[in-house]
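Walk through this structure with me, one contact at a time. Keep the sequence beside you as we go.

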Amino acid sequence: MLKIVSKILNFLKSFINKAKINNLGKNSKPYCLIFKRDSNSKINIGDNCLINGRLVTETSKSIINISNNVFIGGNTIIDCLSEIQISDNVLISYECILSDHDSHSIDSSKRANDLSRFQSNKMIWSEIHTKGITIKKNAWIGMRSIILKGVTIGEGSIVAAGSVVTKDVPSYTLVAGNPAIFKKKLI
């Protein structure tokens with residue numbers, strides 16, 4: 001019975017999400033929650049993807065591009081102010097966070113009214129530092145990892161579970177820790 005209810009919920013989420021996704025590839029299943037805070041933002045999903053978790057776009061300039069054969073696990077949050085690129089064959093495990101921005105100003109006087117601004121959809125995003133994220137093909141992001149603004153995860157790299165990535169990860173490299181540091185070359 002539980003499997004039937006789960007299938008029905010996934011079907012409904014997928015049906016609702018198709019209206020929010022600009023381009024949806026063949027055989028992709030968008031079982032995620034989508035929050036487009038501006039309807040002019042862009043979400044593109046390639047072929048053969050399974051997308052769980054949450055996709056969030058903050059402004060009309062926000063772009064999330066997910067290529068082909070990508071898995072995004074449950075409770076993962078992809079929060080985009082500028083641009084997040086996820087290439088082919090990427091695995092992003094459960095409960096990860098990818099955020100290409102600081103969410104709030106580092107100046108406390110500018111953050112003082114953020115809650116009321118956010119609730120009224122009047123955030124001043126120009127005061128927030130942002131820099132895109134790129135996850136290159138065949139990368140694997142372990143569960144509960146955090147990828148911060150401006151980071152590129154190189155081709156074939158692995159981010160170990162629970163890592164906080166603040167700097168670029170070279171291709172075919174394993175990183176781990178908080179902050180994530182080099183552990184070993186993979187080839």
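Glu58 is buried, because its relative accessible area is 6%, under the 20% cut-off. This is a predicted model. The side chain of Glu58 meets that of Arg37 in a salt bridge, 2.8 Å from N to O. The pair links distant parts of the chain, 21 residues apart. Arg37 sits in the loop between strand 3 (33–36) and strand 4 (42–45). Glu58 sits in the loop between strand 6 (54–57) and strand 7 (63–66). Arg37 has a relative accessible area of 32%, so it is partly exposed.

The count comes to 4 salt bridges. Another one of them joins the side chains of Arg144 and Glu95, at 2.4 Å from N to O. What does this pair tie together? Arg144 lies in the loop between strand 14 (140–141) and strand 15 (146–147), and Glu95 in the loop between strand 11 and strand 12 (97–99), so the bridge ties together parts that are 49 residues apart in sequence. Arg144 counts as exposed, because its relative accessibility is 54%. Glu95 is partly exposed, at 31%.

Lys149 and Asp102 also meet through their side chains in a salt bridge, 2.8 Å from N to O. Here the linked parts of the chain are 47 residues apart. Lys149 is in the loop between strand 15 and strand 16 (152–153). Asp102 is in the loop between strand 12 and helix 2 (108–111). Both partners count as partly exposed: Lys149 at 31% relative accessibility, Asp102 at 30%.

Now turn to the backbone. Most residues other than glycine have a negative phi, and most peptide bonds are trans. Asn27 has a positive phi of about 60°. It is found in the loop between strand 1 (23–24) and strand 2 (29–30). Asn27 counts as exposed, because its relative accessibility is 57%. Asn89 also has a positive phi of about 60°. Its place is the loop between strand 10 (83–86) and strand 11 (91–92). At 33% relative accessibility, Asn89 is partly exposed.

Where is the cis peptide bond? It joins Asn178 and Pro179, with omega about 0°. Pro179 lies in the loop between strand 19 (173–176) and strand 20 (181–185).

A nonpolar surface patch of about 980 Å² is made by Met1, Ile4, Val5, Ile8, Leu9, Phe11, Leu12, Phe15 and Ile16. Phe15 belongs to helix 1 (residues 2–18). Phe15 counts as exposed, because its relative accessibility is 58%, over the 50% cut-off.

How values were computed
Residues are numbered from 1 along each chain as its sequence is written. This is a predicted model: local features need pLDDT of at least 70, side-chain atom pairs count only at pLDDT 80 or more; totals for chains, interfaces and linings use all residues. Side-chain values use heavy atoms; hydrogens and water are left out. Patches are made of residues with over 30% relative accessible area and no salt bridge: like charges are joined within 9 Å, nonpolar side chains (Val, Leu, Ile, Met, Phe, Trp, Tyr) within 5 Å. Accessible areas come from the Shrake-Rupley method with a 1.4 Å probe; for residues, only the protein chains shown count as cover. Helices (H or I, at least four residues) and strands (E, at least two) are DSSP runs, numbered from the N terminus. Buried means under 20% relative accessible area, exposed over 50%, partly exposed in between (1.4 Å probe, protein chains only).
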